[in-house]
There are 2 protein chains.
Amino acid sequence: MSLLKSNPCAAIVGAGRTKFTEQWDEDPKAMIGKAGMVALESVEKGFKRRDIGACYFGSFLYQVTNKIGLVHGLMSRELGINVPMVNTEAACASGGLALFNACLGIQSGRYDAVLVAGFEKMSDRQDKIIDDLMFAADTHEFESGYNFPGLYATMMARYIYDYGNGDPKCEVALAQIASKNHHHCLGNKYAQFSSKGDVSVEEVMSSKIISSPIRVMHSSPISDGAVALIVTRPEIAKNYTDTPVYIMSSQEATDHISLYTRKDITSVMATRLAVKSAFKETGLTISDIEIAEAHDCFTIEEAFFLEDSGFYKKGESWKGIYESYESFKGSKHIPYINKGKELVVNLGGGLKADGHPVGATGVRQAYECFKQLRKEAGGNQIDRDVNIAMCHNVGGTGGVATVHILARDI
Amino acid sequence: MSLLKSNPCAAIVGAGRTKFTEQWDEDPKAMIGKAGMVALESVEKGFKRRDIGACYFGSFLYQVTNKIGLVHGLMSRELGINVPMVNTEAACASGGLALFNACLGIQSGRYDAVLVAGFEKMSDRQDKIIDDLMFAADTHEFESGYNFPGLYATMMARYIYDYGNGDPKCEVALAQIASKNHHHCLGNKYAQFSSKGDVSVEEVMSSKIISSPIRVMHSSPISDGAVALIVTRPEIAKNYTDTPVYIMSSQEATDHISLYTRKDITSVMATRLAVKSAFKETGLTISDIEIAEAHDCFTIEEAFFLEDSGFYKKGESWKGIYESYESFKGSKHIPYINKGKELVVNLGGGLKADGHPVGATGVRQAYECFKQLRKEAGGNQIDRDVNIAMCHNVGGTGGVATVHILARDI
């Protein structure tokens with residue numbers, strides 16, 4: 001790990017996922033079970049259920065949508081083990097929080113290896129979920145009539161107002177993000193929209209308005225799915241695989257749940273703080289990050305990430321997005337470029353095109369980076385060596401954010 | 001800490017709580033805020049909000065009952081801090097899990113001090129909560145018509161059938177637990193039933209049947225409340241107070257959520273496993289435990305605890321309960337006695353009489369032991385020196401259990 005100043009806090013040695021789609025015949029514990037079995041079986045030198053020291057789960061609306069609770073007891077029966085288990089809700093960052101908790105569990109010295117799983121089964125409640133999603137927002141925002149896309153629409157409208165300078169390219173750039181992510185997902189066999197084909201910028205910009213200026217094609221879909229990881233102490237990772245991926249930093253920060261009390265609604269303070277902590281811990285800068293899985297619940301959030309992570313300056317990401325897209329459209333992967341720096345974001349399609357089963361997303365991001373760093377991503381594998389990746393998961397409109405930096409053994 | 005073979009994993013240096021009652025004018029974040037402020041102000045040598053390195057919250061039904069989620073964002077605004085926060089649901093053990101998570105957070109080495117808070121606001125949904133509580137049980141149990149008291153009624157009926165030997169004293173003993181806990185709460189000014197006065201064994205046994213053989217007076221009430229603790233690294237605890245209480249062990253275990261798949265429904269395997277781990281870690285035995293806060297959601301669960309912890313043999317606790325009660329009724333505190341060993345359980349009244357705002361309970365148990373060990377419990381303070389306490393929190397019918405061993409500096 002010679003590039004890196006800090007020691008890893010944990011290592012990923014196995015990973016599994018389900019396809020993200022509408023899975024009408026599945027229930028959450030079966031989806032976790034399937035993802036978990038794939039993760040266990042993916043560990044090359046062998047990993048059994050009895051090797052699991054603890055389990056960390058993440059989900060947002062499991063009580064409301066699936067009418068289940070006490071996931072511990074469901075999964076104790078499903079897995080046939082009695083180990084400590086922790087279930088976390090943090091809205092759309094529930095998966096990132098599960099991984100964060102798992103890293104602290106490993107760092108506590110109590111466990112050699114843990115299972116991390118994120119899951120969400122949303123399709124059963126498609127008609128009502130627009131209300132349920134407001135559990136991720138402030139009560140006053142709900143009572144004043146906001147829906148969840150509406151909150152992001154407020155952030156997007158203000159961003160365009162403050163930084164767009166009246167230039168129509170700003171709105172084009174926020175549509176290009178969706179086109180790019182749909183393009184990236186084409187080779188990802190687990191993605192919800194892998195068979196949809198390319199989505200043009202014009203198609204995004206003419207799609208139905210949900211909450212102006214947000215259109216349906218700016219938005220991540222309703223999805224069902226689960227993702228599981230096997231996470232171990234870094235010192236023993238090579239007992240399980242020759243190619244572990246190390247978690248160099250696992251960070252979380254929080255901020256006001258409500259837009260109306262924040263100083264600034266055109267950036268996400270929780271992301272900024274978590275990124276800052278991750279760079280401080282590792283000694284890395286944004287220039288060292290080669291690929292990132294960013295939280296594009298709505299395309300504006302990917303633009304915020306590019307600014308909150310420091311890749312572009314505040315208010316300038318849309319110009320970089322536009323120029324990068326115009327330069328690289330038609331390529332297999334469309335990187336962001338800034339003064340010679342290159343960052344490829346959402347290689348698997350992101351929340352937009354891979355899908356967004358809410359609690360699974362933060363874990364799926366780590367899954368994607370694990371696969372990319374090991375060159376096992378399949379049809380959407382990046383076509384060059386990459387060593388360092390970032391995962392960025394946001395809850396609500398920014399009440400919480402997690403940031404993980406992953407690295408292969410170099 | 002000369003009595004103890006192991007090092008503490010954490011220390012409690014401050015604690016605060018609200019009264020447990022129907023708090024119609026409060027919301028969860030305000031209740032947490034009040035308990036948190038009392039906890040902060042209780043730290044003798046000073047503790048500010050900026051000293052909080054992370055927050056750990058526990059609640060069961062906050063989404064369903066209170067229509068809130070992403071507690072992180074609510075509390076970031078309420079507390080005015082941006083630190084990492086983790087919110088955990090584990091049914092009735094949500095509070096115990098919050099404390100368990102906090103101990104692992106401290107052991108990870110990341111934080112010097114954290115805030116732990118459990119909360120629940122149930123009265124708003126009194127009419128419907130009987131259904132909501134089934135989120136703590138298996139879906140099949142719900143669909144087959146069970147309600148939550150019914151599940152414990154099945155366990156209680158089987159216990160009486162297997163071990164009562166047709167002796168009416170068995171059922172009397174399970175009523176005496178309720179009388180004892182109501183008696184214990186009389187001096188506890190925060191308890192839901194402190195002003196109710198004594199409840200006779202006859203009153204318990206003639207109270208309305210909820211789900212035979214469980215009567216209303218075998219059952220914990222619907223409550224609102226919050227409890228907060230300041231937990232630090234043990235090495236620095238004396239920077240904050242001369243009389244910290246050390247957490248010698250923090251353990252969790254899990255088991256099948258469903259009664260119908262368990263080997264045995266007259267004990268709680270998760271409790272047995274967590275107790276075993278706690279004794280293994282500390283080198284203590286049940287004889288060393290002087291006081292305990294046990295999970296008496298229904299009185300049968302306190303009887304299970306006395307057997308699962310090893311204080312009485314399997315199937316024999318009811319005899320010990322009966323004899324102890326007959327020997328000590330009328331005393332300020334009514335201990336359990338077995339062959340010269342003495343254990344005082346639920347000095348504050350337990351879930352039965354102190355109240356059971358679900359997610360607050362596991363933290364309230366640690367609060368009560370902290371106060372008792374420091375001789376600050378007030379009207380219900382035990383009248384002799386006690387050094388070692390155990391807290392026992394169960395989720396569902398035993399899908400999860402946490403056990404904490406607390407000790408004063410000796």
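This is a predicted model: local features need pLDDT of at least 70, side-chain atom pairs count only at pLDDT 80 or more; totals for chains, interfaces and linings use all residues.
The interface between chain A and chain B was examined to begin with. Chain B contributes 57 residues to the contact, and chain A contributes 57 residues. About 4200 Å² of area is buried between the two chains. Carbon and sulfur atoms give 51% of that area. Polar contacts also cross the interface: 34 residue pairs were found, both residues being at pLDDT 80 or more. On the side of chain B that touches chain A, several elements supply at least two residues each. Among them are the helices α2 (62-66) and α3 (71-79) and the strands β3 (85-88) and β8 (245-254). Helix α4 of chain B gives the largest share, six residues. By class, this side of chain B holds 28 nonpolar, 22 polar and seven charged residues.

Side chains of opposite charge can pair when their charged atoms come close. Across the interface of chain B and chain A, two salt bridges were found. A:Asp138 pairs with B:Arg77 in a salt bridge, with the closest N and O atoms 3.0 Å apart.

Over all chains, the search of the whole structure gave 48 salt bridges. In chain A, A:Arg364 forms a salt bridge with A:Asp354, and their closest N and O atoms are 3.7 Å apart. A:Arg364 lies in helix α14 (residues 358-373), whereas A:Asp354 lies in the loop between α13 (350-353) and α14, so the pair ties together parts ten residues apart in sequence. Both A:Arg364 and A:Asp354 are buried. A network of salt bridges links A:Arg17, A:Glu293, A:Asp354 and A:Arg364.

In chain B, B:Glu293 forms a salt bridge with B:Arg364, the closest N and O atoms being 2.6 Å apart. B:Glu293 belongs to strand β9 (residues 291-293) and B:Arg364 to helix α14 (residues 358-373), so this pair ties together parts 71 residues apart in sequence. B:Glu293 and B:Arg364 are both buried. Another salt bridge joins B:Asp27 to B:Lys29, with the closest N and O atoms 2.8 Å apart. B:Asp27 is partly exposed, at a relative accessible area of 28%. B:Lys29 has 17% relative accessibility and therefore counts as buried, the cut-off being under 20%.

Helix α8 of chain B (residues 169-184) was also examined. The helix has 16 residues and reaches 22 Å from its first C-alpha to its last. That span is close to the 22 Å expected at 1.5 Å a residue. Of the 16 residues of α8(B), 13 are buried, so the helix is largely enclosed by the rest of the structure.

How values were computed: Residues are numbered from 1 along each chain as its sequence is written. Chains are lettered from A and ligands numbered from 1 in the order in which they are written. Side-chain values use heavy atoms; hydrogens and water are left out. Helices (H or I, at least four residues) and strands (E, at least two) are DSSP runs, numbered from the N terminus. The expected span of a helix is 1.5 Å times one less than its number of residues. Buried means under 20% relative accessible area, exposed over 50%, partly exposed in between (1.4 Å probe, protein chains only). Contact means heavy atoms within 4.5 Å. Buried area is the accessible area (1.4 Å probe) that two parts lose on being put together, summed over both. A salt bridge is a side-chain nitrogen of Lys or Arg within 4 Å of a carboxyl oxygen of Asp or Glu. A polar contact is a pair of N or O atoms within 3.5 Å; within protein, one must be able to donate a hydrogen and the other to accept it, and residues adjacent in sequence count only if both atoms are side-chain atoms. Ala, Val, Leu, Ile, Met, Phe, Trp, Tyr, Cys and Pro count as nonpolar, Asp, Glu, Lys and Arg as charged, and the others, Gly among them, as polar.
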